[in-house]
Amino acid sequence: MITTLAVSAETIFESLRDAPTDFEFTVNDSPLAVSEQGITQRAVTKEVNYKNSEGVVFVNHLAYRSYHLAVAYEWKFMGQQDFAAIEFYQDDELIHEMTLTDESRQMASSETRRYKQNFLAINLQGVPLAMLDSVDRINFIKAK
């Protein structure tokens with residue numbers, strides 16, 4: 001009897017991402033060194049508080065799944081608080097822009113590390129996913 005053992009050389013990220021991507025990334029139109037990228041699906045939770053007319057506070061917990069653009073990059077002293085918006089380009093034409101300053105835009109990042117790899121995941125809620133097939137460059141706009 002011959003037994004074959006399959007060995008996978010995939011990384012955790014390669015195993016978990018739903019769609020690999022091959023975008024060029026820039027920051028204020030300057031090249032950004034990206035070592036990993038892809039689209040993943042994640043669980044998102046949100047707590048919504050509201051007060052009725054009698055002053056009683058109610059808390060709703062919401063949960064849903066959303067696609068996220070996950071990126072590993074190298075950039076000195078840059079974290080999620082440094083981004084104001086993201087632009088999506090096809091060739092040199094801007095086809096979509098989304099702000100990152102709205103508190104509803106969920107974004108997660110590693111702590112900014114000098115000269116080391118950093119990580120970022122951006123919730124793509126509200127982004128037309130079919131549009132991503134036309135995108136070849138994603139530009140991060142730095143906050144002023």
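Is Arg-137 buried or exposed, and at what relative accessibility? Arg-137 counts as buried, because its relative accessibility is 12% and the cut-off for burial is under 20%. This is a predicted model. The protein has 1 helix and 10 strands. Arg-137 takes part in a salt bridge with Asp-29, and the structure holds 1 such bridge.

**Overall layout**

- Along the sequence, the elements follow the pattern α-β-β-β-β-β-β-β-β-β-β.
- The protein has 144 residues, and 32% of them count as buried.
- Take the contacts between residues at least 6 apart in sequence: 63% of these join residues at least 24 apart.

**The salt bridge**

- Side chains of opposite charge can pair when their charged atoms come close.
- In the pair of Asp-29 and Arg-137, the closest N and O atoms are 3.0 Å apart.
- The two partners sit in distant parts of the chain, 108 residues apart.
- Asp-29 lies in the loop between strand E2 (24-27) and strand E3 (30-31).
- Arg-137 belongs to strand E10, which covers residues 137-142.

**Strand E6 and its partners**

- Strand E6 spans residues 83-90 and is mostly covered, with 6 of its 8 residues buried.
- E6 and E10 run antiparallel and are joined by 6 bridges.
- E6 is also joined to strand E7 (residues 93-99) by 6 bridges, again with the strands antiparallel.
- The hairpin of E6 and E7 has 2 residues between the strands.
- In that hairpin, Asp-91 takes a positive phi near 55 degrees.

**Ile-86 in strand E6**

- Ile-86 is found in strand E6.
- Ile-86 counts as buried because its relative accessibility is 1%, against a cut-off of under 20%.
- On E10, the residue opposite Ile-86 is Phe-140.
- On E7, the residue opposite Ile-86 is Met-98.
- Leaving aside residues up to four places away in sequence, Ile-86 touches His-96, Glu-97, Met-98, Leu-100, Ile-122, Ile-138, Asn-139 and Phe-140.
- Ile-86 and Ile-141 are 55 residues apart along the chain, and their C-alpha atoms are separated by 5.9 Å.

**The largest pocket**

- The largest pocket holds about 230 Å³ of space.
- Its lining is made of 14 residues.
- Phe-13, Arg-42, Ala-70, Val-71 and Leu-120 lie nearest the centre of the largest pocket.
- Four elements each supply at least two residues of this lining: helix H1 (12-16), strand E4 (33-51), strand E5 (57-74) and strand E9 (117-123).
- By class, the lining of the largest pocket has 8 nonpolar, 3 polar and 3 charged residues.

**The second largest pocket**

- The second largest pocket has a volume of about 150 Å³.
- Residues lining the second largest pocket include Asp-18, Ala-19, Pro-20, Thr-21 and Phe-23.
- Also in this lining are Ile-39, Tyr-67, Leu-129, Leu-132, Asp-133 and Val-135.
- By class, the lining of the second largest pocket has 8 nonpolar, 1 polar and 2 charged residues.

Technical notes: Residues numbered from 1 in each chain as written. Predicted model: local features only at pLDDT ≥ 70, side-chain atom pairs only at ≥ 80, totals over all residues. Heavy atoms only, no water. Salt bridge = Lys/Arg side-chain N within 4 Å of Asp/Glu carboxyl O. Buried < 20%, exposed > 50% of the residue type's maximum accessible area, 1.4 Å probe, protein only. Pairing = 2+ DSSP bridges. 1 Å grid on protein atoms, 1.4 Å probe; cavity = no way out; pocket = protein on both sides within 12 Å on 5 of 7 lines; lining within 4 Å. Points joined across faces, edges and corners; volume = space filled by probe spheres on them. Nonpolar A, V, L, I, M, F, W, Y, C, P; charged D, E, K, R; others polar. Contact = heavy atoms within 4.5 Å.
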